[in-house]
Every structure is written in structure tokens, then in C-alpha cells.
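Trainee: I have not looked at this one before. Can we go through it step by step?

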Amino acid sequence: MITFDEATKKPLPTPDTDSAAFWSGLKEGKLLLQHCLDCGNVQYYQQGMCRRCGGERLEHRAASGRGKVHSYSVVYRAPGPAFKRDVPYAVLLVELEEGPRMISSLVGAKPESVTFDMPVQLVCEKASEEITLPRFRPA
Ligand SMILES: [Zn+2]
């Protein structure tokens, strides 16, 4: 059984070997993407190999932080007690300038103001000592 405290606390990611660099990058305000040195593929979320060519020569480079809203959804009903104070909020599928798409959420504007292709800018939001979350605001 989970306690009231646990139920009202937002779940946070736990960095593993593949994602450790990604999370420490965010702590420094950088969104790190993996660039494949063999085929040039750029991938968001970290893996031991390139998802396009299987190559293992991957390099972390900081993203520009610029992107646009590829798709979005406004959440009116909290998925759990921890999110009750946040509704309504907008969940975004952001297409980064570098190509990869990532799921995030909107900050700094009303969720109803989101539109398709809206330019957005990365905001690094500290959630705990260990975890800083990537969010986006209108650019
Ligand atoms: Zn590759």
C-alpha cells in the first residue's frame, strides 16, 4: 500500500547508465542529444547504440533548446493526486530543431494558448537535487 505522501509526490525519473549523462546535462541547463558519428543520426533518449545504423560511436551534444509544437494535448483531469494542482496543463510533443521529437510540458503560458507549430524554447526546471526536468515555454 502506498502512503498519502507517496501518492501526492510526483514520480521522478531514475537515471541509469545510459541516461546518466543526459540528466547531469539538464542539471547544467543543457539538453543533450546523441549524435551518431557513423551515420549522422541524432537521437533523443540515450542508448548504447544508434537506432538507425546500430553504430556505437555516439557523441553527446547540447541541443539549441529551440523547437516547435508537433502535437499537444491539454490535460484537465489529473492522472493522480500529485498532479491535481497542475491541471489544466498542456502536454507537448516537441519537435526539436535537431530533428528528434520529445514529450514534455508547457510552462509560462496558459495551456489553451498552445497551437500546432508554435515555436518553443527549452526551460530547465529543477525538480529535486538529482533531477532537473526539460520543459518548454513559448519562444
Ligand atoms: Zn548511426
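Trainee: Is N41 buried or exposed?
Mentor: This is a predicted model, in which local features need pLDDT of at least 70 and side-chain atom pairs count only at pLDDT 80 or more, while totals for chains, interfaces and linings use all residues. Residues are numbered from 1 along each chain as its sequence is written, and side-chain values use heavy atoms, with hydrogens and water left out. The cut-offs are under 20% relative accessible area for buried and over 50% for exposed, with partly exposed in between (1.4 Å probe, protein chains only). N41 has a relative accessible area of 15%, so N41 is buried.

Trainee: How many helices and strands are there in the protein?
Mentor: Helices (H or I, at least four residues) and strands (E, at least two) are DSSP runs, numbered from the N terminus. The elements run α-α-β-β-β-β-β-β-β-β from the N terminus on. That order belongs to a protein with two helices and eight strands.

Trainee: Which residue in β3 is the bridge partner of C36?
Mentor: β1 covers residues 32-36 and pairs with β3 in the antiparallel sense over five bridges. Within β3, the bridge partner of C36 is L58.

Trainee: Which residues are the protein donors of the zinc ion?
Mentor: A donor is an N, O or S atom within 2.8 Å of the metal (3.2 Å for Na, K and Ca); water is not among the atoms, so a site may look incomplete. In sequence the donor residues here are spaced C-x2-C-x10-C-x2-C. Their SG atoms lie 2.3 to 2.4 Å from the zinc ion, and the residues are C36, C39, C50 and C53.

Trainee: How many residues apart in sequence are the parts that C36 and C50 tie together?
Mentor: The donors of the zinc ion include C36 and C50. C36 lies in strand β1 and C50 in the loop between β2 and β3, so the parts that this pair ties together are apart in sequence by 14 residues.

Trainee: What is the arrangement of the four donor atoms around the zinc ion?
Mentor: Four donors count as tetrahedral if all angles lie between 85 and 135 degrees. Around the zinc ion the donor atoms subtend angles of 106 to 112°, which makes the arrangement tetrahedral.

Trainee: Which strand gives the most to the lining of the largest pocket?
Mentor: A pocket is an open set of points on a 1 Å grid over the protein atoms alone, where a 1.4 Å probe fits, with protein on both sides within 12 Å along at least five of seven lines; lining residues have an atom within 4 Å of a point. Of the 24 lining residues here, the closest to the centre of the largest pocket are F83, S104, S105, L133 and R135. Elements that each supply at least two residues of the lining include α2 (20-27), β5 (89-96) and β7 (119-126). The most, four residues, comes from β6.

Trainee: Is S105 buried or exposed?
Mentor: S105 is found in strand β6. Its relative accessibility is 11%, so S105 counts as buried.

Trainee: What is omega for the peptide bond from V87 to P88?
Mentor: P88 has its place in the loop between β4 (66-75) and β5. The peptide bond from V87 to P88 is cis, with omega near -10°.

Trainee: What is the phi of D117?
Mentor: D117 is found in the loop between β6 and β7. At 48% relative accessibility, D117 counts as partly exposed. Most residues other than glycine have a negative phi. D117 has a positive phi, near 70°.

Note on methods:
Two strands pair if DSSP finds at least two bridges between them. Four donors count as tetrahedral if all angles lie between 85 and 135 degrees; four count as square planar and six as octahedral if opposite donors are over 155 degrees apart and all others between 65 and 115; anything else is irregular.
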